[in-house]
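Subject: Structure handover

Hi,

Here is the structure I promised to pass on.

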Amino acid sequence: NQTNSFIKWMVIIGDFVLLNVILFGFMHLHPIMLEWSWDRNRIFIMACNFALLLSEWHFHTVIQERLVSAGDVLRRIILLAMSQTLLSYIVLKLIDKRLATAPLLVPIGLTLLVVMVVVRFLERQGVKHYRMRGGNTRTITFVGINSEQMEVYNLLTKNPMTGYRVKGYYAYEEMPGLPEELKWLGTIDSLLDQLDEGPEPLQIGDELYVCLSRREKETI
């Protein structure tokens with residue numbers, strides 16, 4: 001949705017800010033860049049930014065996704081930093097084969113990787129707290145309730161990062177022993193009656209999860 005896209009683009013913009021802060025730091029501290037002219041430094045910085053642009057195209061952040069693990073986030077950061085370093089080397093070699101950039105790109109890439117890991121963790125925590133406070137959430141309703149549906153329920157709700165809120169469930173009868181949040185909304189027949197009346201009075205939220213027997217093809 002729009003909020004997820006906004007989060008993704010803000011993180012991508014933040015990655016470019018991080019890269020350029022690191023590059024300007026190296027430009028004022030690293031002996032190789034200190035010896036270069038401003039024009040050569042400028043070309044180096046532009047090549048690194050172009051490489052990050054290409055890398056973000058394939059390995060952009062996934063922290064805005066609802067069902068994503070910390071391992072997946074870390075893997076994409078590693079791939080992003082490696083891709084940016086390698087592409088920077090290729091682009092700079094195409095510009096000037098005599099330019100010795102590897103001794104400079106490796107520490108820049110490692111610095112970018114470490115900083116991105118720290119910043120991405122903070123960004124992920126920010127998304128988590130935002131969703132816990134009610135922002136960027138999605139509401140879900142279940143039709144039919146059994147062990148499979150409960151596995152889906154636990155998957156979607158046990159982690160605050162998902163941002164899911166449960167409206168309840170429709171079943172042929174109210175089921176005892178379910179979590180308090182999982183409220184019985186009525187029978188499946190009552191849901192079908194509401195469908196016959198049209199979409200306007202039906203309030204099922206953003207997503208509907210149906211788990212019924214294959215014998216109930218007409219109901220499904």
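**Notes on the model**

N136 sits in the loop between α5 and β1. Helices here are DSSP runs of H or I with at least four residues, strands are E runs of at least two, and both are numbered from the N terminus. N136 is not a glycine, yet its phi is positive, at about 55 degrees. With a relative accessibility of 9%, N136 counts as buried. (Buried means under 20% relative accessible area, exposed means over 50%, and partly exposed is in between, with a 1.4 Å probe and protein chains only.)

Before you dig in, some bookkeeping. This is a predicted model, so local features need pLDDT of at least 70 and side-chain atom pairs count only at pLDDT 80 or more, while totals for chains, interfaces and linings use all residues. Residues are numbered from 1 along each chain as its sequence is written, and side-chain values use heavy atoms, with hydrogens and water left out.

**Helix α1 against helix α5**

Two packed helices are described by the angle between their axes and the distance between the axes. For helix α1 (residues 2-29) and helix α5 (residues 102-132), the axes come within 10 Å and cross at roughly 150 degrees. The axes are lines fitted to C-alpha atoms, for helices over the stretch in contact, and the angles run from 0 to 180 degrees between N-to-C directions. The α1/α5 crossing is right-handed; a crossing gets that label if the near helix is turned clockwise from the far one by less than a right angle, and left-handed if anticlockwise. Sorted by class, the contact of α1 with α5 has 16 nonpolar, 3 polar and 4 charged residues. (Nonpolar is Ala, Val, Leu, Ile, Met, Phe, Trp, Tyr, Cys and Pro; charged is Asp, Glu, Lys and Arg; the others, Gly among them, are polar.)

**Salt bridges**

How many salt bridges does a search of the whole structure find? It finds 5, taking a salt bridge as a side-chain nitrogen of Lys or Arg within 4 Å of a carboxyl oxygen of Asp or Glu. One of them joins the side chains of D15 and R120, at 3.0 Å from N to O. That pair links distant parts of the chain, with D15 in helix α1 and R120 in helix α5, 105 residues apart. Are these two partners buried or exposed? D15 is buried at a relative accessible area of 0%, and R120 is buried too, at 3%.

R120 also forms a salt bridge with E123, at 3.1 Å from N to O. R120 and E123 are separated by about one helical turn because they are 3 residues apart in helix α5. E123 is partly exposed, with a relative accessible area of 21%. Put together, D15, R120 and E123 are linked in a network of salt bridges.

Over in helix α3 (residues 38-59), R42 and D39 are 3 residues apart, so about one helical turn separates them. Their side chains meet in a salt bridge of 3.4 Å, N to O. Both ends are partly exposed: R42 has a relative accessible area of 35%, and D39 has a relative accessibility of 45%.

Which residues of helix α6 (residues 147-157) are buried? They are Q149, M150, Y153 and L156. Looking down the axis of α6, these buried residues fall within an arc of 130 degrees, so they line one face of the helix; the arc is that of the directions from the helix axis to the C-beta atoms. The buried residues of α6 pack against β1 (138-143), β2 (164-170) and β4 (207-210).

T141 is in strand β1 and is buried, at 0% relative accessibility. Leaving aside neighbours within four places in sequence, T141 is in contact (heavy atoms within 4.5 Å) with residues including K167, Y170, L185, I204 and L208. The C-alpha atoms of T141 and R165 are separated by 9.0 Å, with the two residues 24 apart along the chain.

**Two more spots**

T85 lies in helix α4 (residues 70-95) and is buried, with a relative accessible area of 19%. Beyond neighbours within four places in sequence, T85 is in contact with L105 and G109.

E65 is in the loop between α3 and α4, and at 40% relative accessibility E65 is partly exposed. E65 and M161 are 96 residues apart in sequence and 8.7 Å apart in space, C-alpha to C-alpha.

Cheers
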